[in-house]
Amino acid sequence: MKRTRGKWAAFGLAVAAVALAAGMAPGMAQQDDAEKEIERYRAMINDPMANPGFLFVDRGEALWSQKRGAKNVSLETCDLGEGAGKLEGAYAKLPRYFKDADKVMDLEQRLLWCMKTVQDLDTADVLKRRFGSPSNTSDLQDLVAFIANKSSGMKYQPQLDHPKEKEMLAVGEALFYRRGGSQDFSCSTCHGESGKRIRLQGLPDFSKPGKDARETMGSWPTYRVSQSQLRTMQHRLWDCYRQMRHPAPEFGSDGITALTVYMVKMGEGGEITVPSIKR
Amino acid sequence: MKKTILAALLCGLAGASLAQQAKVDPAAVEAAVKGMWAKAGPEWASSITPDETMKVCSETRNAPSAAEFEKIVAREKATVVFPADGNVMGDWKKGEIVASRGTGGQFTDTPDTYRGGNCYACHQLAAKEVSYGTLGPSLLGYGKARNFSQEEAKVAYAKIYNPQGVLACSQMPRFGHWKFLSEEQIKDAVAFLFHPDSPVNK
């Protein structure tokens with residue numbers, strides 16, 4: 001089985017947060033202990049064989065070739081933008097415009113589209129399990145893990161030639177700055193400046209292209225140790241809106257795709273190394 | 001005039017880093033919002049249709065013009081409701097809980113979930129609490145630095161109630177305006193900042 005396992009970049013913050021959350025905060029001696037512990041933890045999870053995210057990749061691979069739906073066919077003829085069934089590098093160019101659907105789609109939207117048009121699969125159950133839990137696997141999470149991994153080692157190449165792609169970027173940027181809700185928060189409240197943190201958690205700056213955006217986008221999907229799940233950017237944005245005290249965003253909605261287009265643009269050129277592993 | 005210059009300066013401070021602004025069709029943004037939050041109930045109205053103040057702050061990326069700045073400050077200042085007896089100081093120990101907890105108001109919460117102010121997410125307060133964020137300024141020694149002045153405590157109450165009545169497009173939530181925190185909780189938070197025994201002032 002061919003899969004790509006990359007090196008682990010920019011790992012410090014997540015690990016530090018784990019260590020600090022576990023109560024290993026200041027005091028000089030404590031600080032030393034914490035650093036040793038971080039080193040130990042980093043070494044431990046630096047080994048791709050120890051990253052449970054790859055279990056999701058494996059399940060996704062099986063799902064990709066599994067015959068399902070009324071047509072009893074696999075997803076292997078699904079076109080993710082690079083041609084029917086071509087997976088290598090597809091994730092690095094998503095979201096993008098698809099002529100057959102006449103819209104810009106992210107990976108989840110495209111997978112759901114393929115399930116319907118290629119397989120004629122009733123996606124109600126798939127959508128019910130859109131986010132996995134330790135007791136319930138998610139086909140969409142697994143497939144995203146598998147497909148994204150096929151772009152590991154490549155760089156994000158935002159697709160912005162089509163007018164609809166340009167429009168999605170502008171909408172995503174507007175959503176990034178759109179304030180509202182019971183806390184008056186926008187994405188930019190937390191991600192509008194460099195070097196800020198919430199409690200002890202470092203916050204990536206998404207207000208401009210740069211290292212923060214490249215490293216963040218390059219490390220999703222990721223295995224979240226605290227949730228025992230592989231998580232996608234779709235889930236991360238859902239969780240952001242929860243923390244912002246906004247309503248739960250619809251899975252695979254155009255608003256989430258627009259934000260993803262914006263974030264990928266900010267992270268342009270970022271090297272994809274997935275699934276990564278985070279707190 | 002002086003006031004206008006000050007307002008402009010404050011705007012600059014409040015403004016986020018300005019990336020290049022792409023032209024956008026407001027209808028396309030609204031369509032995306034409506035689709036994304038298609039199933040949200042009426043309790044989420046302030047997310048789906050932000051008020052005039054939020055609209056201006058979003059469009060100007062928190063850097064309103066001097067005229068808009070003054071308009072927002074005037075409008076938001078008028079929403080502040082002070083305690084009937086004029087006493088803005090509650091229980092600092094309860095205020096510490098308000099400052100520490102970040103629960104409530106999330107779509108995974110219930111209406112009964114305790115609503116915290118989550119002050120530590122963005123501000124340093126008591127020296128003993130090392131897990132604090134840096135999105136807002138440090139408030140360490142806040143009351144002491146103001147000689148525990150009751151007038152200053154009232155200013156702090158108004159600021160927590162509605163920060164935009166002081167600084168238009170402040171990133172801080174309008175805790176009292178949205179009734180996210182109760183009057184009692186805001187008083188407790190003020191006491192946490194201003195009581196001489198509070199660890200904020202130790």
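Author: Chain B and chain A bury about 4,300 Å² between them, and 55% of that area is on carbon and sulfur atoms. This is a predicted model, and the values here are computed from it. Three residues of chain B, namely Met36(B), Phe107(B) and Leu135(B), supply 18% of the area that chain B buries against chain A, more than any other three residues. In residues, the contact takes 57 from chain B and 42 from chain A.

The polar part of the interface can be counted as well. Between chain B and chain A there are 24 residue pairs in polar contact, with both residues at pLDDT 80 or more. The salt-bridge rule finds 5 salt bridges across the interface of chain B and chain A. One of them joins Arg174(B) to Asp184(A), with the closest N and O atoms 2.7 Å apart.

Several helices of chain B take part. Helix H2 (26-36), helix H3 (45-48), helix H4 (52-59) and helix H6 (92-100) of chain B each supply at least two residues of the side that touches chain A. Of that side, H2(B) gives the largest share, 7 residues. By residue class, the side of chain B that touches chain A divides into 29 nonpolar, 21 polar and 7 charged residues.

Arg61(B) lies in the loop between H4 and helix H5 (66-77) of chain B. This arginine, Arg61(B), is not a glycine, yet its phi is positive, at about 50°. Most residues other than glycine have a negative phi, and most peptide bonds are trans.

Chain A has cis peptide bonds to list. Leu94(A) and Pro95(A) are joined by a cis peptide bond with omega of about -5°. Pro95(A) is found in the loop between helix H3 (53-64) and strand E1 (96-98) of chain A. The peptide bond from Trp220(A) to Pro221(A) is also cis, with omega near 0°. Pro221(A) has its place in the loop between helix H9 (211-218) and E5 of chain A.

Strand E5 of chain A brings in a sheet. Here 3 strands of chain A form an open sheet in the order E6-E5-E7, with mixed pairing. Strand E6 (229-231) and strand E7 (276-278) of chain A stand at the edges with a single partner strand each, so one side of each is left without a neighbour in the sheet. Neighbouring strands of this sheet are turned by 35° against each other on average, direction ignored. Strand E5 (residues 222-224) of chain A pairs with E7(A) in the parallel sense over 3 bridges. Within E7(A), Ile277(A) is the residue that Tyr223(A) stands opposite.

Terms used:
Residues numbered from 1 in each chain as written. Chains lettered and ligands numbered in written order. Predicted model: local features only at pLDDT ≥ 70, side-chain atom pairs only at ≥ 80, totals over all residues. Heavy atoms only, no water. Pairing = 2+ DSSP bridges. Helix = DSSP H or I, 4+ residues; strand = E, 2+ residues; numbered from the N terminus. Axes fitted to C-alpha atoms, helices over the stretch in contact; angles between N-to-C directions. Contact = heavy atoms within 4.5 Å. Buried area = accessible area lost by both parts, 1.4 Å probe. Salt bridge = Lys/Arg side-chain N within 4 Å of Asp/Glu carboxyl O. Polar contact = N/O pair within 3.5 Å; in protein donor to acceptor, adjacent residues only side chain to side chain. Nonpolar A, V, L, I, M, F, W, Y, C, P; charged D, E, K, R; others polar.
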